[in-house]
Amino acid sequence: MPRDPIGMMEVNSNDQLLFEELFRRHYTLLTAKAYEICRQWQMAEDAVQEFFADAWTKKSWQAVTTSFAAYAVKAVQYKTISLLRKSARGLLWSFQGKWW
């Protein structure tokens with residue numbers, strides 16, 4: 001059985017193939033949905049990538065009993081909003097100091 005990059009857990013090759021198929025099938029839709037929220041392609045791609053990384057690490061995608069697309073869209077929406085908040089906080093910190 002192949003190992004994950006860190007080598008800490010066994011990876012079922014069927015799970016890996018299924019997950020890769022979910023990624024290929026839903027990446028474009030999810031990126032478009034994230035872009036609708038943030039209007040920045042890089043942030044939209046980051047949100048989708050973080051969603052898939054978290055889903056793989058936590059194995060949350062295996063617990064989905066309804067539509068994976070619906071689950072993924074909602075999760076990516078939350079992830080995108082979270083990234084926007086972090087970005088806004090960074091802007092606030094960069095403007096601290098003299099305002100004139």
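Is I81 buried, partly exposed or exposed? I looked this up and found I81 partly exposed, with a relative accessible area of 33%. For my own record, buried means under 20% relative accessible area, exposed over 50%, and partly exposed in between, with a 1.4 Å probe and protein chains only.

**Ground rules**

I am working from a predicted model, where local features need pLDDT of at least 70 and side-chain atom pairs count only at pLDDT 80 or more, while totals for chains, interfaces and linings use all residues. Residues are numbered from 1 along each chain as its sequence is written, and side-chain values use heavy atoms, with hydrogens and water left out.

**Overall fold**

I counted three helices and zero strands, in the pattern α-α-α along the sequence. Helices here are DSSP runs of H or I with at least four residues, strands are runs of E with at least two, and both are numbered from the N terminus. Of the 100 residues of the chain, 24% count as buried. I noted an accessible surface of about 7200 Å² for the chain, with 58% of it belonging to carbon and sulfur atoms; such areas come from the Shrake-Rupley method with a 1.4 Å probe, and for residues only the protein chains shown count as cover. Among contacts with a separation of 6 or more, 58% are between residues 24 or more positions apart. Contact means heavy atoms within 4.5 Å.

**Back to I81**

I placed I81 in helix α3, residues 68-94. Together with I37 and Y78, I81 forms a nonpolar surface patch with about 280 Å² of accessible area. Patches are made of residues with over 30% relative accessible area and no salt bridge; like charges are joined within 9 Å, and nonpolar side chains (Val, Leu, Ile, Met, Phe, Trp, Tyr) within 5 Å.

**Helix α2**

Next I went to α2, residues 41-58, which has 18 residues. From first C-alpha to last, α2 reaches 26 Å, close to the 26 Å expected at 1.5 Å a residue; the expected span is 1.5 Å times one less than the number of residues. In α2 I found M43, A44, A47, V48, F51, F52, A55 and W56 buried.

**T31 in α1**

What does T31 touch beyond its neighbours within four places in sequence? I found W41, A44, E45 and V48 in contact with T31. T31 sits in helix α1, residues 13-38, and is buried, at 5% relative accessible area. A polar atom of the T31 side chain lies 2.8 Å from the backbone oxygen of Y27.

I then checked L84 in helix α3, which is partly exposed at 28%. L84 and A44 are 40 residues apart in sequence and 10.0 Å apart in space, C-alpha to C-alpha. Leaving aside neighbours within four places in sequence, L84 is in contact with I37, C38 and M43. S82 is also in helix α3, and its C-alpha is separated by 8.8 Å from that of A47, 35 residues away along the chain.

**Two positive phi values**

R39, in the loop between α1 and α2, has a positive phi of about 60° although it is not a glycine. I noted R39 as exposed, at 56% relative accessible area. K59 lies in the loop between α2 and α3 and is partly exposed at 22%.

**Salt bridges**

How many salt bridges does a search of the whole structure find? I got four, taking a salt bridge as a side-chain nitrogen of Lys or Arg within 4 Å of a carboxyl oxygen of Asp or Glu. Side chains of opposite charge can pair when their charged atoms come close.

R24 pairs with E21, with the closest N and O atoms 3.7 Å apart. Being three residues apart in helix α1, R24 and E21 are separated by about one helical turn. R24 is exposed at 55%, and E21 is partly exposed at 32%. The side chains of R25 and E21 also meet in a salt bridge, 3.2 Å from N to O, and these two are four residues apart in α1.

E50 is partly exposed at 31%. I also noted that salt bridges with shared partners join E21, R24 and R25 into one network.

How values were computed
Polar contact = N/O pair within 3.5 Å; in protein donor to acceptor, adjacent residues only side chain to side chain.
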